[in-house]
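Please keep the structure open as you read.

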Amino acid sequence: WALQGGGGGRAGREQLRRPPAAVMSRGVPPPLLLAAEAVEEHFPAAGQLVPALEAALANFSSGPEGGVVQPGRTVLPIQKYSGFLGVMPAYSEKDDALTTKLVTFYEHQQDPSVPSHQATVLLLDPATGTLKAVMDGSVITAKRTAAVSAIATKLLMPASSEVLCILGAGVQARSHYEIFMELFSFKEVRMWNRTKEKAEKFAHSVAGPIRVCSTVQEAVAGADVIVTVTMATKPILHGEWVKPGAHINAVGASRPDWRELDDEAMRNSVLYVDSREAAMRESGDVILSGAKIFAELGEVLLGTKPALREKTTVFKSLGMAIEDTVAAKMVFDSWSAGC
């Protein structure tokens, strides 16, 4: 059976159609199709997702014995349209899960209704190679990225953190805001966006109060935790503005010639990454600043490297395929359990 649409709510799962007999030939059923609404419905709660991702990060940083097979991301530039196609496969032996994600990123969308990032995750049976599910990957990408930032923040933020600052007001800003409000107790939330109207619209769309700031400097002054989730290609966050001991989650600038943080912010902080190899190949903030990587987040979770929360810290997030693998399997298992 194949899911015809995402369908809002549980009713969407029941919009099923029997495929033609030819499709069912040779005993291989067609894959389950899960649109964004269904992925959202079956996405794990933070209390389930965070421990699963912590285990995945630790397994990745354990080397071969961790059972994670994850080659580097392949990125195909589409210069004519200022776009990129990324291919991100991974296998987790401990989760017995195999996926690949196709993700597109377009810098200057002519149609503002089309997201800059779009993604699809393919879940396969690792024993046979059979495609089990095709699911919207945009929800998975947004939520797993925010969850990993939350893990880094839990480990690295100052002990008495009161002020959260989010730079950016897009999809990733929302996913970060949601999980940070669920897991932490900040007394103040500030936001800056290049287009102030978009930040104000964001602030009005959520339940809690957000102070919309006119400049980055105003937004980050005295902030304990800073999240950068922008489309910037040149530095927007200057180290001289950052409170000593603050923690920064640098999520944007995923190309080797793009920046969100200036040299001072990078060089005067203790730098943590999700993957050393990926950071040295893909992160303009790391490559162009010459900042030295102190540890992978997984090494901190394993206890082989310390969490220096008394220092100013940066977690440079590029996102890893194994994070998609873990999240996609949890979505699929939830859907299967409800059938």
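Arg190 counts as buried, at 8% relative accessibility. Keep in mind that this is a predicted model. The partner of Arg190 in a salt bridge is Glu188, and their closest N and O atoms are 3.0 Å apart. Glu188 itself counts as partly exposed, at 25% relative accessibility.

**Charged pairs**

How many salt bridges does a search of the whole structure find? The search gives 19. One of them joins the side chains of Glu54 and Lys154, at 2.6 Å from N to O. Glu54 belongs to helix H2 (residues 46-61) and Lys154 to helix H3, so this pair ties together parts that lie 100 residues apart in sequence. Glu54 is buried, with a relative accessible area of 17%, while Lys154 is partly exposed, with 39%.

Another salt bridge links Glu218 and Arg211, with 3.3 Å between the closest N and O atoms. Here Glu218 is partly exposed at 31% relative accessibility, and Arg211 is partly exposed with a relative accessible area of 36%.

| Salt bridge | Closest N to O distance |
|---|---|
| Glu188 and Arg190 | 3.0 Å |
| Glu218 and Arg211 | 3.3 Å |

**The nonpolar interior**

Now to the nonpolar side chains. In soluble globular proteins, such side chains tend to be buried together. In this model the largest nonpolar core has 69 residues, and Met135 and Phe180 are those with the most contacts inside it. Helix H3 (residues 138-156) gives the largest share of this core, 10 residues. There is also a second, separate core of 29 residues, which includes Val163, Leu167, Leu261 and Met266.

**Helix H4 and Phe180**

Which residues does Phe180 touch, leaving aside those up to four places away in sequence? They are Ala146, Ser149, Ala150, Thr153, Leu164, Phe186, Val225, Val227 and Asn249. Phe180 is one of the buried residues of H4, along with Gln172, Ala173, Ser175, His176, Tyr177 and Ile179. The helix, residues 171-183, has 13 residues and reaches 19 Å from its first C-alpha to its last, close to the 18 Å expected at 1.5 Å a residue. As background for viewing it, an α-helix has 3.6 residues a turn, so residues three or four places apart point the same way.

Technical notes: Residues are numbered from 1 along each chain as its sequence is written. This is a predicted model: local features need pLDDT of at least 70, side-chain atom pairs count only at pLDDT 80 or more; totals for chains, interfaces and linings use all residues. Side-chain values use heavy atoms; hydrogens and water are left out. Helices (H or I, at least four residues) and strands (E, at least two) are DSSP runs, numbered from the N terminus. The expected span of a helix is 1.5 Å times one less than its number of residues. Buried means under 20% relative accessible area, exposed over 50%, partly exposed in between (1.4 Å probe, protein chains only). A nonpolar core is a set of buried Ala, Val, Leu, Ile, Met, Phe, Trp, Tyr and Cys residues joined through side-chain atoms within 4.5 Å. Contact means heavy atoms within 4.5 Å. A salt bridge is a side-chain nitrogen of Lys or Arg within 4 Å of a carboxyl oxygen of Asp or Glu.
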